[in-house]
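Thank you all for coming; I would like to walk you through one structure this morning, slowly and with the definitions as we go.

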Amino acid sequence: MKIITHSAEETVAVGIKIGKLLRSGDVIAFSGGLGAGKTTITRGLVLGTGLPDETSSPTFSIVNEYAGNGTVFYHFDMYRISGVSDLETTGFYDYLESGGIIAVEWSENISDELPEGAIYINIRSLGGDAREITVTGDERFEAFSD
Ligand code: ADP
Ligand code: MG
């Protein structure tokens, strides 16, 4: 599905809709450049899964963890990660087996290591505050669009 938003708030709202459909073990692979809105939409994903709103950019910690009422959400930023040994040090492979929900910013950097069945979300700036959000890889998200 493809949707165009015109503000950060609208993007969070799209994230909430997606987040409500997420389940244990889902891996969300973001692509899109700096300032596209990956961290912003992740706020929505976290909220949609029913977790408290505390999402900040994980750029300086590689992975942030949000947990509550049986759900665990791991938010990675792979901006500085390249190669498998780098990735191993983040614990990514262990997190994949944890059953938690995983969202990965800069998934371009680990594209060969993304699991089968990953949900791909590309965010593209259309200029100003307009963003095109494209979700592929899972039929669950075909139902809603603009
Ligand atoms: P990224 O994580 O992709 O680098 P961020 O989510 O941190 O990007 O930042 C996106 C920036 O763009 C924020 O300052 C946000 O307020 C702004 N913004 C403007 N319009 C939008 C939109 N339609 N969707 C998402 N963010 C937007
Ligand atoms: Mg970010």
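Which helices each supply at least two residues of the shell around ligand 1? They are α1 and α2, and α2 gives the largest share, three residues; helices here are DSSP runs of H or I with at least four residues, strands are runs of E with at least two, and both are numbered from the N terminus.

Please keep in mind that this is a predicted model, in which local features need pLDDT of at least 70, side-chain atom pairs count only at pLDDT 80 or more, and totals for chains, interfaces and linings use all residues. Residues are numbered from 1 along each chain as written, chains are lettered from A and ligands numbered from 1 in the order written, and side-chain values use heavy atoms, without hydrogens and water.

Staying with ligand 1, 16 residues surround it, the closest being T11, G35, K38, T40 and D129, where a residue counts if one of its heavy atoms lies within 4 Å. Among the polar contacts (pairs of N or O atoms within 3.5 Å), a ligand nitrogen is 2.7 Å from a polar backbone atom of D129, and a ligand oxygen is 3.2 Å from an N or O atom in the side chain of R131.

Turning to the strands, β6 (residues 119-127) and β7 (residues 130-136) run antiparallel and are joined by seven bridges, strands being paired if DSSP finds at least two bridges between them. Within this pair, I121 stands opposite V135, and in the hairpin, with two residues between the strands, G128 takes a positive phi near 60°.

Note on methods
A polar contact is a pair of N or O atoms within 3.5 Å; within protein, one must be able to donate a hydrogen and the other to accept it, and residues adjacent in sequence count only if both atoms are side-chain atoms.
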